[in-house]
Amino acid sequence: MHNNLQAIKISENVYWVGAIDWKLRDFHGYSTSHGSTYNAYLILGEKPILIDTVKAQFYEEMLARISSVIDPQNIRYLISNHSEMDHSGSIPKFIDLVHPEKIFASKLGVPTLKEHFHFNAEITAVNDEEIITLGNRSFKFIETRMIHWPESMFTYYLDEKILFSQDGFGMHFATSEIFSEQNDQCILEYEAKKYFANILLPYTSLINKLLTKLSQLNLEPTMIAPAHGPVWENQNKVRKILDLWRKWANKPFLPKAIIIYDTMWGSTENMAKMIADGINQENIDVKIMPISAVRRSDVITELLDAGALLVGSPTLNQEILPTVADVLCYIHGLKPQNLIGQIFSSYGWGNEAQKILIEYMKNMKIELIGEPIKVKYVPTEEILQNCRLLGINIAKTLKDKIGTVNDSLGWSRNR
Ligand code: FEO
């Protein structure tokens, strides 16, 4: 079925032999509106090497692409950078077919692979910064804990200065154009940002350490080849994605507010609109995200360059609306930094939503500005004016923080 699928040559000796998942729309809760790719790479040499595999159901596609270059059974080594099954899922079948001389993974990667596949295959652990030579090709390994799992590592191919970065610098974006330049640059930047926000946001301090370490190692890669999305194919592109990661990992307070809410009979929605009007009045960018119309992964993406979050919900059966709880649960897990905010709620006879929403905001370490706003049944003109005043207060506080806190964080406003 996949007989004619081709590998794509990305350098003198390296071929992309991955799979394109055009249909993927959900990746453990992350809405992947443009699908994804699972990138595996074949390095030719005296002893051919495969870096990572693909999701299990795409095994045949990977095999066909490898077969367009060499007989897969000629591959002598497998390097597994990341054990998550979108990259390791085809390892058992690959081992059964190829019987590679050696399989390499990080020290934590060895037990993680075994705990996934319960196989007897021997896996060789490599150390952080260890260099090995396989045939006539040499590699340096770099531990990248929590990017995106504890066992993850990068493999740097020394002969051609290519950094194989598994989830790092990747994005969920299905494309048959392997080089970044061949794709729409606006979509790429948005999808890279979305990937960072939805997968890597909790690990920004580790990312900062990793970026420092990469520069101290003086690797100067001429290409970064991630496990999802296109390859960053030259030094300009490499610099661009590294700069974006540095910016996202050091998020300050930013002049943008996000309002999320769901509504039963329109009261919470009317409050959201008036708060937005107040924010807008102070010339701060504001985006209303009705939960009925957006995905949780779009909300966290917008929060990556926002400074304020406002959340609204009616009370339903002594709880908040489940749709609002869904988004808050997701955001809470991803730990966005440097946010101010407030909540607003509506009710009929018990305003439990207010207490629940405030608890969420405190757990997310969001600094509450002013007072929460509540309305019984339908807002009066006075309450709607209070909503506007809350928006103005949020916008003014944000401006103050941008002027003071960001300076103390060493963040230039022109960056
Ligand atoms: Fe693409 Fe963490 O797996």
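Helices and strands are here DSSP runs, numbered from the N terminus, and the structure they describe is a predicted model. Just after helix 3, His99 takes a positive phi of about 50°. Within helix 3, which spans residues 91–98, the buried residues are Ile91, Phe94, Ile95 and Val98. Because they cover an arc of only 100° around the axis, they lie on the same side of helix 3. An α-helix has 3.6 residues a turn, so residues three or four places apart point the same way. The partners against which the buried residues of helix 3 pack include strand 8, strand 9, strand 10 and helix 4.

Several of these strands belong to an open sheet of 7 strands, ordered 1-2-7-8-9-10-11 and with mixed pairing. Its edges are strand 1 and strand 11, each of which pairs on one side only. Strand 10 and strand 11 run parallel and are joined by 3 bridges, and Ala105 has Ala125 in strand 11 as its bridge partner. Helix 4, residues 109–117, lies across both strand 10 and strand 11, running at about 110° to strand 10.

Lys237 and Glu181 meet through their side chains at 2.7 Å, N to O; Lys237 sits in helix 7, whereas Glu181 is in the loop between strand 15 and helix 5, 56 residues apart. Lys237 is buried, since its relative accessible area of 11% falls under 20%. Lys240 forms a salt bridge with Glu189, and because Lys240 lies in helix 7 and Glu189 in helix 5, this pair ties together parts 51 residues apart in sequence.

Methods:
Residues are numbered from 1 along each chain as its sequence is written. This is a predicted model: local features need pLDDT of at least 70, side-chain atom pairs count only at pLDDT 80 or more; totals for chains, interfaces and linings use all residues. Side-chain values use heavy atoms; hydrogens and water are left out. Two strands pair if DSSP finds at least two bridges between them. Helices (H or I, at least four residues) and strands (E, at least two) are DSSP runs, numbered from the N terminus. Contact means heavy atoms within 4.5 Å. Axes are lines fitted to C-alpha atoms, for helices over the stretch in contact, and angles run from 0 to 180 degrees between N-to-C directions. Buried means under 20% relative accessible area, exposed over 50%, partly exposed in between (1.4 Å probe, protein chains only). The arc is that of the directions from the helix axis to the C-beta atoms. A salt bridge is a side-chain nitrogen of Lys or Arg within 4 Å of a carboxyl oxygen of Asp or Glu.
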